[in-house]
Amino acid sequence: MTRLLRYFLLTTLLAFTVSSVTAQQSSTIRGQHKVKKKETIFGISREYGLTIEELIKANPEMNMPGYELKKGMILNIPYSKADMEAAEAAKAVQTAQARKAEEVASAAADDVRNREIRLGIMLPLHNINGDGRRMTEYYRGVLMACDSLKKQGLSIDVHAWNTAEDGNIYKVLEDPAAAKCDLIIGPLYSKQMDALSAFVAKHDIRLVIPFSINAPQLTTNRNIFQVYQSPTEQNEVIIARFIERFKSYHTVVIDCNDSTSKKGTFTFSLRRQMEQRGMDVVVTNLKSTEANFSRAFSRMKPNVVILNTGRSQELGVAFSKINGLKANEPELDITMFGYTDWLLYTRTYLENFYKYNTYIPSVFYYNPLSVGTQRFERKYRQNFRSDMQSSLPRFAITGFDHAYFFLKGLHKYGKSFNGADGMFGYPPVQTPLKFERYDNGGLRNKTMMFIHYQPEHTVETIKF
């Protein structure tokens, strides 16, 4: 029994070996040749572009002593070495092409333009303090943007984490859903930036910092979008645009005696640059006599008036003095140039804004009279059974504009979206965005505009 088993195993192994050799040999044989009368090994080799060694290797019996080539013999004709190399090269090319096609197909399947966009919100979403309530309203605006985009055919998967000021951001980032995000909006606190910056760089996620926090990581991390602009940057842009627009005007700076004001930085820089250019600028005081106040204004050029405070009380006094001046000299041409703070006082001073052709620099414009704003407010009330907080800018509309802008951009351009001006025509409800690369780091919002209240009771936004 044991001898029979051994015999069976031996014959099976031999059969397997023979079949393996045959299979290996068949992969190198391209055909057969029937020997004709007077043919030689050399002639047959030459006929098929082979060396004698290649022909003999394919026909091992030729190595046997006394072998003689005879008419009618059947010889194996192998592929030549050159043919084999060409076949291997072609196979390698095909393999590479197939691998590339698989990679392209895989990339296409994972391209954010071809699938749902995975959005993460990492903000303090609670009702404990003002930060939480404001960010909850902002988040509601984000959800409204997602709902609007879904109606346009976009698929969006939203994950939200409550990243409170005293929370552990590292614990949040352990959630597997976080690493799968295409876009994260947050954080609100500077101390969370180190962890989030490293996280989005590792997983190639776009990070939108929506509000005013310190984020030095922007200088090196190309995945970061920073919406906030520092007051210094804003002042530089506003001064440049002011000089460009009002270069033929006579500028009157009114000192409002407000020791708490920080607007003096702006007016001081503006005056210095205007004086360097030889432009007309004088300083008067809110407490000046009517005669001295009047002498500050030009009768030969149009006047543009700037206060060194943004407070409502001083603005009201300034309008009273200017109204008195205009009552005595109605031909005086006076334009007001203000601050974003003035948008808070629109209800109180709207008629004066129109009357004095007022320009207000801002990065947003909440227009309660626009159709888009009114539609949004109705929808917000329907969805959340409450009105938005009375703040400027409106946080829910800010969230809507931010989310709509970035989600639509990712859907259209994929991860190459950089938020540059004109990439797609989105008319914001309140908050326009335009980004530029910061050296070799991330992208900074460079949007600025003048809100212009015109004497014919219309308002235009001049974006730059």
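In the predicted model, the side chain of histidine 452 forms a polar contact with the side chain of tyrosine 359, at 3.5 Å, and a further polar contact, at 2.6 Å, links the side chain of histidine 452 to that of glutamate 460. Histidine 452 belongs to strand E15, which covers residues 449-454, and its relative accessibility of 5% falls under the 20% limit, so that this residue counts as buried. When neighbours within four places in sequence are left aside, the residues in contact with histidine 452 are Asn357, Thr358, Tyr359, Thr458, Val459, Glu460 and Ile462.

A contact between two helices was also examined. Helix H5 (residues 130-150) packs with helix H14 (residues 371-384) at an angle of about 105 degrees, the axes lying 11 Å apart, and the two helices are therefore roughly perpendicular to each other. On the side of H5 the contact involves Glu137, Arg140 and Met144, which meet Phe376, Lys379, Tyr380, Asn383 and Phe384 of H14. The residues of this contact comprise 4 nonpolar, 1 polar and 3 charged.

With regard to the protein chain as a whole, the secondary structure amounts to 15 helices and 16 strands. The radius of gyration is 39 Å, whereas the globule rule gives 23 Å for 464 residues, and the chain is therefore more spread out than a compact globule. Along the principal axes, the C-alpha atoms fill a box of roughly 135 × 55 × 35 Å. Of the 464 residues, 44% are buried, and among contacts between residues at least 6 apart in sequence, 66% join residues at least 24 apart.

How values were computed: Residues numbered from 1 in each chain as written. Predicted model: local features only at pLDDT ≥ 70, side-chain atom pairs only at ≥ 80, totals over all residues. Heavy atoms only, no water. Axes fitted to C-alpha atoms, helices over the stretch in contact; angles between N-to-C directions. Helix = DSSP H or I, 4+ residues; strand = E, 2+ residues; numbered from the N terminus. Parallel < 35°, antiparallel > 145°, perpendicular 65-115°, else oblique. Contact = heavy atoms within 4.5 Å. Nonpolar A, V, L, I, M, F, W, Y, C, P; charged D, E, K, R; others polar. Buried < 20%, exposed > 50% of the residue type's maximum accessible area, 1.4 Å probe, protein only. Polar contact = N/O pair within 3.5 Å; in protein donor to acceptor, adjacent residues only side chain to side chain. Rg over C-alpha atoms; globule rule 2.2 N^0.38 Å.
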